[in-house]
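Reader: I would like to go through the labels attached to this model one at a time. For each, please set the value against the cut-off and conclude.

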Amino acid sequence: MQKKLLFEPISLPMKSKVESIRREFGNNLYVYNFASLYSWQKDEQYEICFFKDAFLIKNGAEGENAFLFPCGSESGKKELIEALLEYDSLDLYCLTDEDKEFLEKEFPLRFEFAERRSEFIYLFDKESQIALEGKEYKKQRHQINIGKASAEEWKTEPICEANIERAIEINRKWAQGKGGSGLLDADAAECALEHFFELSMFGIIFQADGEDAAFVAGSFITPEIFDLAFCKVLGDRRDFFIRWEFFRALPQEVKTIDSEEDLGIEGLRINKLSRHPEKLRHIWKGSLSL
């Protein structure tokens, strides 16, 4: 490719183009979902380059020559990678097993690969998470009962223009309670809430005994796959109950819940594994061989 790669900030008008490419070529990784790219672009220092029927995301937070694996047609991905090979160093993130095989086939011996356990994606079967049948879900059912019993009356309402500010306030209270520790996604969550409707997101606010207690929000990767991006709960031991109620509120078409990665945070990993994911999707990093 002779053309220089030109990157620019991710803007809301790009949504239809990004989603069209992503869906046409069957990319179901939550990372490439426009709502995720837009919400995380500040923290991850994302910039985008469109090329023919593909796009490439520069991941500045990971380094000068760090990129997400290209999204799009086979030919588009190949040409983008050929352009990147002109760099002195190169790191490609968010590779699936199929992406790894693509690089091994099209660019033999050019890349070294490292498994990224902290970025493995947890996929849950919605119906199993609602039914919770069998001994393996005994602890989960117990945690749900504890959360439910923490208030005499629970109410839920879909996030809408009339209550979006309440969701933002829940997020801010949650961040204050964390005191700068734990999963640092409060800024991304606030960005998502500020542009909630433009990003076509779906979410629910929970009230416990008349007080706002939690919100859960995400977006549809496909009609069958929902990306559960943010779950902010005020109060202890309510997380399992909140998630269970949210799953029950999802459209019938949804079959799989993408619960994203655990970032190597021990408590988060324990929490996700304890909920019995249907599948862990392996993720790799590909680096240019020296």
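Reader: Why is Cys231 called buried?

Author: The model is a predicted one. Cys231 has a relative accessibility of 15%, and buried means under 20%, so Cys231 counts as buried.

Reader: What makes Cys160 partly exposed?

Author: The relative accessible area of Cys160 is 31%. Buried means under 20% and exposed over 50%, with partly exposed in between, so Cys160 takes the label partly exposed.

Reader: What makes the pair Arg23 and Glu19 a salt bridge?

Author: Their side chains meet at 3.6 Å, N to O. The cut-off is 4 Å between a side-chain nitrogen of Lys or Arg and a carboxyl oxygen of Asp or Glu, so a pair of this kind within that distance qualifies. Both residues lie in helix H1, four residues apart, about one turn of the helix.

Reader: Is Glu19 buried or exposed?

Author: Glu19 is buried, because its relative accessible area is 13% and the limit is under 20%.

Reader: Which residues are joined with Glu19 into one network?

Author: Arg22 and Arg23 are joined with Glu19 by salt bridges that share partners. Across the whole structure, the search finds 17 salt bridges.

Reader: What makes Glu79 and Lys52 a salt bridge?

Author: The side chains of Glu79 and Lys52 meet at 3.1 Å, N to O, and the cut-off is within 4 Å. This pair links distant parts of the chain, 27 residues apart: Glu79 is in helix H3, and Lys52 is in the loop between strand E1 and strand E2.

Reader: Why is Lys52 called exposed?

Author: Its relative accessible area is 59%, and exposed means over 50%, so Lys52 is exposed. Glu79 has 22% and is partly exposed.

Reader: What is the N to O distance for Arg172 and Glu190?

Author: It is 2.5 Å, and the two side chains meet in a salt bridge. This pair also links distant parts of the chain, with Arg172 in helix H7 and Glu190 in helix H8, 18 residues apart.

Reader: Why is Glu190 called buried?

Author: Glu190 has 16% relative accessibility and the limit for buried is under 20%, so Glu190 counts as buried. Arg172, at 39%, is partly exposed.

Reader: Which residues gather in the patch of negative charge on the surface?

Author: Asp97, Glu98, Glu101 and Glu115. Helix H4, residues 97-106, supplies the largest share, three residues.

Reader: Why does Glu101 count as exposed?

Author: Glu101, found in helix H4, has 52% relative accessibility. Exposed means over 50%, so Glu101 counts as exposed. A patch residue needs over 30% and no salt bridge.

Reader: What separates the C-alpha atoms of Glu8 and Glu47?

Author: They are separated by 5.2 Å, although the residues are 39 residues apart along the chain. Glu8 is found in the segment before helix H1, and its 38% relative accessibility makes it count as partly exposed.

Methods:
Residues are numbered from 1 along each chain as its sequence is written. This is a predicted model: local features need pLDDT of at least 70, side-chain atom pairs count only at pLDDT 80 or more; totals for chains, interfaces and linings use all residues. Side-chain values use heavy atoms; hydrogens and water are left out. Patches are made of residues with over 30% relative accessible area and no salt bridge: like charges are joined within 9 Å, nonpolar side chains (Val, Leu, Ile, Met, Phe, Trp, Tyr) within 5 Å. Accessible areas come from the Shrake-Rupley method with a 1.4 Å probe; for residues, only the protein chains shown count as cover. Lys and Arg count as positive and Asp and Glu as negative; His and the chain ends are not counted. The place of a charge is taken as NZ of Lys, CZ of Arg, CG of Asp or CD of Glu. Helices (H or I, at least four residues) and strands (E, at least two) are DSSP runs, numbered from the N terminus. Buried means under 20% relative accessible area, exposed over 50%, partly exposed in between (1.4 Å probe, protein chains only).
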